[in-house]
Amino acid sequence: MITASSFKFKMASEPAEFEQIYRLNYKTFVEEIPQHERNEENRLVDRFDSESTYIIGLDGDRVVGMIAVRGNRPFSLDQKLENLDAYFPEGRKICEVRLLAVEKAYRNGRVFLGLARQLIDYCLEYGYDMAIISGTLREKKLYRHLGFVPFGPLVGTKEAPFQPMYLTKEAFFAKEAMFRRLNALPAEEEQPEAPAETISFLPGPVAMDEKVRETFGEKPISHRSRQFVDDFQRVKRQLCELTRTNHVEIALGTGTLGNDIVAAQLSQLEGRGLIVTNGEFGERLLDHAARFGLAHETMKHEWGEPLAYEKIGERLKENPEIRWLWTVHCETSTGLLNDMESLKRLCRLHDVRLCLDCCSSIGIVPVDLSDVFLASSGSGKGMSSFAGLATVFYNHDVQPSTRIPRYLDLGYYASKQGVPFTHSSNLVYALKTALQRFEDGELFRKQAELAAWLRGELRDRGFVLFGSDENTSPGIVTIELPEETNSLAAGEALERAGYLLSYRSEYLLKRNWVQISLMGEHSKGQLLSLLAELQRFAR
């Protein structure tokens, strides 16, 4: 049985892929549909091959489906129908889709849907909002179910007639859920079938670039080798440049370990501290402090409530024995983004050391850790790599301390060039590859625009979102479901349909919330597909 998980969809790029495209082209449009003459090579190269982009579906290394797309005029239909544009809605940027072909054994709808999704992603990336095709008559009913609009007379030959059609992006996503229902599992199966590929909108593990996954799978090298030590230092420098900080140490662990390292450092300071919370992860800092016996005061806000900076300032002024302040930059539980610059100003004014949990903000928004005493993060979430590396940033000199457990001693890491213990070259090199995405100076702007677009689309569809656009992270969108819609049931239904959202955490279940995480690699096409599914299951 062919399973959806065995498929991969991409733009053709390898010589072996193109050779398989030409042979599938021949098999479909010569042997099956008599549109071209037979030849001894059993291969057919399209006349527009040099200016076409091929989207392919792979089962392993085998090409089992393809679509060719091109935006250059004249289209092939320009040569078959006079005044072609008269058939179309005005104001559209059009591409032509040709050579749709799927191996017979794979015509269960899954490969087609995967190709269509990849096509929509491609069209959105290059600004196309309508595609035209010459559809085979035997699939005319399916095309119409998917939102294609027939126009004009038939083209082709008597032996191989085709119906010209067009599809707008809005029509495709409005009809996509119906397409999956047309291809449901047999009646004896209780679960609906998943899409061609599972799409993750989780904060971890995040959707990551294929190059990151490939790097992680490479042969490991010794953490003591000169190559690893040199590359490790480069990664540290890149992290410091990204966050505008002076130093960073990298340990095998997660953001939780990073917060333990911060707590260990705070245990060496004189005076008391102030821990400020407005969500689940701020409250977890209280647990870190308790386990280290840190002398501290607590200032609790309601979940999702913006920090009361004026009151924080008053507390610091009234209690000069407070020497450090610890809080969360982005509160993952709600998506609230606390104002780092306001916190910095307060701490400078009152000569207090600022410590931040930045696990859900670094890599999502620009983060400037200058004037921050300690900050924790990790290699997953916004860094778009595998979880497993804890990072602690700082701007001062640190010394080893025998009063701190060795694995939590920040000064010990610093004294050993950051590698006092066994390290994972696979995790480090995966992070090194992931850091390349930040070379795009427009990355944060694009992330913010994508999140703003998604929040607007959700509201337009009647969903209630938690938090305001002004102080919410672009990495997390929290949906408050109505009482009649159970978040657990909705999340499980979405998961069965192939969309992974956050909903199982106790704090989310308690509030009947689901969260869409935009940490990692996502496209507008994927989100449009998710929106269609959300409307089906969560309303």
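Gln118 sits in helix α2 (residues 110–125). Helices here are DSSP runs of H or I with at least four residues, strands are E runs of at least two, and both are numbered from the N terminus. This is a predicted model, in which local features need pLDDT of at least 70, side-chain atom pairs count only at pLDDT 80 or more, and totals for chains, interfaces and linings use all residues. Residues are numbered from 1 along each chain as its sequence is written, and side-chain values use heavy atoms, leaving out hydrogens and water.

Gln118 counts as buried because its relative accessibility is 19%. The cut-offs are under 20% relative accessible area for buried, over 50% for exposed, and partly exposed in between (1.4 Å probe, protein chains only). Gln118 touches Phe9, Lys10, Met11 and Ile55, leaving aside residues up to four places away in sequence. A contact means heavy atoms within 4.5 Å.

Now turn to strand β8 (residues 161–168). Seven of its eight residues are buried, so the strand is largely enclosed by the rest of the structure.

Which strands pair with β8? Two strands pair if DSSP finds at least two bridges between them.

Val155 stands opposite Phe162 in β8. A hairpin of four residues links β7 to β8.
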